[in-house]
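Subject: Model handover

Hello,

Here is the model we discussed, followed by notes on what was found in it.

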Amino acid sequence: MPIKDLSSTQTYINPDTDVINLVNRIINNAIKEGASDIHIEPGKDKLIVRIRVNGILKVLFEIPKDLTKSLISRIKVMTELDTTGAPRPQEGSIKVQIADRDIDLRISIFPIIYGECVVMRILESINKYENFEDLGFSVEQAEMLEGVIHKPFGLILVTGPVGGGKSTTLFSILNKLNEPTKSLVTLEDPVERKMDHVRQTQINPEVGLTFASGLHFQLRQDVNVIMVGEIRDPETANIAIQAAMTGQLVLATIHANSAAGVIVRLLGMGIEPYLIVSALKLVTSQRLARINCPHCRRETVPPLSVLHKMGVSQGTKFFNSNGCDKCGGKGVVGRFGIHEVLRVSDRIKEAIYENYSESKIVEIAKSEGMALMKDIVLQRAEEGTISLEEAMRLAE
């Protein structure tokens, strides 16, 4: 069975290609197509390589099953993972350079019934994002974020779905703060991008190193900025807040559906309102939006039911891209960030003290100029940058 390349080029790899070149070909093709992830999945009769492009998985290669073990071993060697013993979950990372671009690959290996499945997360160098506007923040949002991150202490929280770019935002903040006069540390699970002059730590619960315990010990390490991979429990939240109140700038992700929802989540964890008010400076909720291909973009008339659901008046123009040669038939040409940024103002602090509902916090924030996710995505849809269907998906 030949190694079939199912990418847009419709070429074939020589079945006698050595495994080193094969792994390089997989990575190169994935990056060339703008993939965010590579899935290497052994099946009963063959090895399937899929890539996620603009949030959607597609098959890239079909490889003979007898190459499975050597291909997985090659990836383990590159990542300096254990190649001996029974298959077991492992994680690691490597850095590659392709066409003068520094690319970090986060590797996760997990045993399944037909072998070991490998998922590579492709993390482009954060040096690509020199300004917050490059991440999709508006000029006003970027100025707000810049004003907060250069304060000596406080808590900044980022929320959004898995694969929504939260880590990229946090690392971009770290990159801006990374200078010889500051001591920066991270607590990650796993360590994603390796940064010079930043003390990065891999969480390991088996030896008692959790986000909470790591935070506790880092406070004795003469730190200026701490990045926490995720606030998952009240203990971690409390220690992060204490750190933010006693002289450190703390950056972290947390699970919630909106910027205002983060405040409600903290209150729901049992965090005292006065602690939240004292520590929390800014919250951003973010999504990644698929961009319409400008070459095949056409005006469309959505059903009335869809317009009513989104609160849009009849006659508003929207655009879809159905695919063409320029976009490889995908209809999309990449993704960009959409951010809902909430600054913790005096009125928001009062709302926290009063334990107001999420809707009341949103009402106050909106009256102070915060652009809601739904309003932002609708504006992008009316501009034609994204489709109305994409706007609906992001506004959910």
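Helices (H or I, at least four residues) and strands (E, at least two) are DSSP runs, numbered from the N terminus. This is a predicted model, in which local features need pLDDT of at least 70, side-chain atom pairs count only at pLDDT 80 or more, and totals for chains, interfaces and linings use all residues. Residues are numbered from 1 along each chain as its sequence is written, and side-chain values use heavy atoms, with hydrogens and water left out.

Cores. A nonpolar core is a set of buried Ala, Val, Leu, Ile, Met, Phe, Trp, Tyr and Cys residues joined through side-chain atoms within 4.5 Å; buried means under 20% relative accessible area, exposed over 50%, partly exposed in between (1.4 Å probe, protein chains only). The largest nonpolar core has 47 residues, and Leu157, Leu266, Leu280, Leu342 and Ile348 touch the most other members. Another core, of 31 residues, lies apart from it and includes Ile31, Leu60, Leu81 and Met120.

Helix H5. Residues 211-218 form helix H5, and 6 of its 8 residues are buried: Phe211, Ala212, Ser213, Gly214, Leu215 and Gln218. Among the elements in contact (heavy atoms within 4.5 Å) that cover these buried residues are strands S10 (184-188), S11 (198-202) and S12 (225-231) and helix H6 (234-245).

Cysteines. With a disulfide taken as a pair of cysteine sulfur atoms within 2.5 Å, the count is 0. Cys293 is buried, at 0% relative accessibility, but its sulfur is 3.7 Å from the closest cysteine sulfur, in Cys296, which is too far for a bond. The sulfur of Cys324 also has its closest cysteine sulfur in Cys296, at 3.7 Å, again too far.

Strand S7. Phe110 belongs to strand S7 (residues 101-112).

Regards
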